[in-house]
Amino acid sequence: MGCELSTEVKEDNFLIITANVGSLFENQEVLEDIWLNAFSETVFKYKPHFIALHCQEIGGKFYAKSKESVQKFVEKLSDCKALKAYTVQRGYIDEDHEHVEEYTALGSFYFIHGKVNNLQLFDFIEKKFKSIKGKTFHTKDLTKLPDIRKEKFRQEFFPECRWSRKGYIRTRWKIGKRTIELVNIHLFHDESNLLAMMHSPSSYSGYRKRALEFVTERLAAGEEKCENGIYFLFGDLNFRLDLKTVLQKLLSESKKQVIRAGDLEQDDIVKMIYRGPDDEKTSSGDCNGKSPTDDVKAADDDSTNTPTDDIELVIGKKQFEIRQSIIQRDNSYKHLREFDQELGCIEALHEFDVTFPPTYPYSEDADDAGKYMRTRCPAWCDRILLSPLAWDLLRSQKCNKEVDYGRIGEEVCMGDHKPVFLSFSVNTE
């Protein structure tokens, strides 16, 4: 329950949300209304004064042809019943796909209730806060706008793959006397399960760490640093479980079969199969004296003739088919949290306790809302992180109103990512 506010204390409720909406645009007729309804239910529940919605992959895979689809989504979002009283709205939607060196496919949306007084947005060019009113949504030349800072990560940050739509957008707000900075961010994904499982931590984890530290360093120093140190960084961070450790601990007694493309000595691995221990096998090998790991050619592997009752995991570049009882032991997948280690490598950021299930990769089929796709190991990709001073602020508030950190759309299909939200209140006077 929230505390009762005196007339001398002004508190505002904040709702900040991160949502990778890429798959929404690939099945917009079905998923859009479902997504907006779940978003609206969250707004009605928490009744925030200030909403920050950070979207990634605006436009989906076919972004070059999605201009009308994005416009439709933005209009329905802005006009939805839940936002009727939010008279100040700002949107920064990166649709500039023709400029590859700048394109991020990020969309940052801000909705402020009409009861909020003394609202200002920072002008990075004139270096001062300015009052804002009305509804404005920007889709072009975002790098030229004075009220945001947008940057795409350089190719060298992720050398193993093509230059992808990854980067960040910053905005700085002042409500009353309280200044906060909000950062929408999208980090690199794991290109291959097979490469991710080779090392602990994976090379992909190192790329994400480097990009994340690049942003936090921008916020900590330089002419445009976050002056008061209070910022929230949220988006699709693509944090993955330490896959090598997952397999070592959860499948420690399994027999591993390696499937190669051709020559066993030279060609790349295309698939790995983990089989459960057989009653006739011993810890040193099977009854024929074979080693715990077998190599075979892909042509020799006839999956149609392979018994499935002893298979615990089949893993390929973009394949992760695992026995459900291994990956899920309870509804929150709590036993997997020990393998979620990437945030621990970043000293400058904090996070409230994660008590919800992994946010990715959910089925994009509206009839299978609660199922994970068999492409990746489930992971908590979508996160909301706080700077040390933001962390101290929320933990030191005199109001007893609880901070709530959770997911949106638990019972429905929201695409392959479940949006994540943080609800809190702070003294703005």
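Trainee: Is Trp391 buried or exposed, and what is its relative accessible area?

Mentor: Burial is read from relative accessible area, and a residue counts as buried when that value is under 20%. In this predicted model, Trp391 has a relative accessible area of 14%, so Trp391 is buried.

Trainee: Which residue forms an aromatic pair with Trp391, and how many degrees lie between the planes?

Mentor: Planes under 30 degrees apart count as stacked and those over 60 as edge-to-face, with the rest called tilted. Phe352 and Trp391 are 4.8 Å apart centre to centre with 45 degrees between the planes, which makes the pair tilted. The pair links distant parts of the chain, since Phe352 lies in the loop between α6 (324-327) and β17 (382-386), whereas Trp391 belongs to helix α7 (residues 388-396), 39 residues apart. Phe352 is at 16% relative accessibility and therefore counts as buried.

Trainee: How many aromatic pairs does the structure hold, and which residues do ring pairs link into a cluster?

Mentor: There are 28 aromatic pairs in the structure. One of them joins Phe122 and Phe129 edge-to-face, at 5.0 Å centre to centre and 65 degrees between the planes. Within that pair, Phe122 counts as buried at 10% relative accessibility, while Phe129, at 22%, counts as partly exposed. The cluster linked by ring pairs consists of Phe153, Phe157, Phe158, Tyr168, Phe188, Tyr204, Tyr207 and Phe214.

Key. Residues numbered from 1 in each chain as written. Predicted model: local features only at pLDDT ≥ 70, side-chain atom pairs only at ≥ 80, totals over all residues. Heavy atoms only, no water. Phe/Tyr/Trp six-rings, centres within 6.5 Å; stacked < 30°, edge-to-face > 60°. Buried < 20%, exposed > 50% of the residue type's maximum accessible area, 1.4 Å probe, protein only. Helix = DSSP H or I, 4+ residues; strand = E, 2+ residues; numbered from the N terminus.
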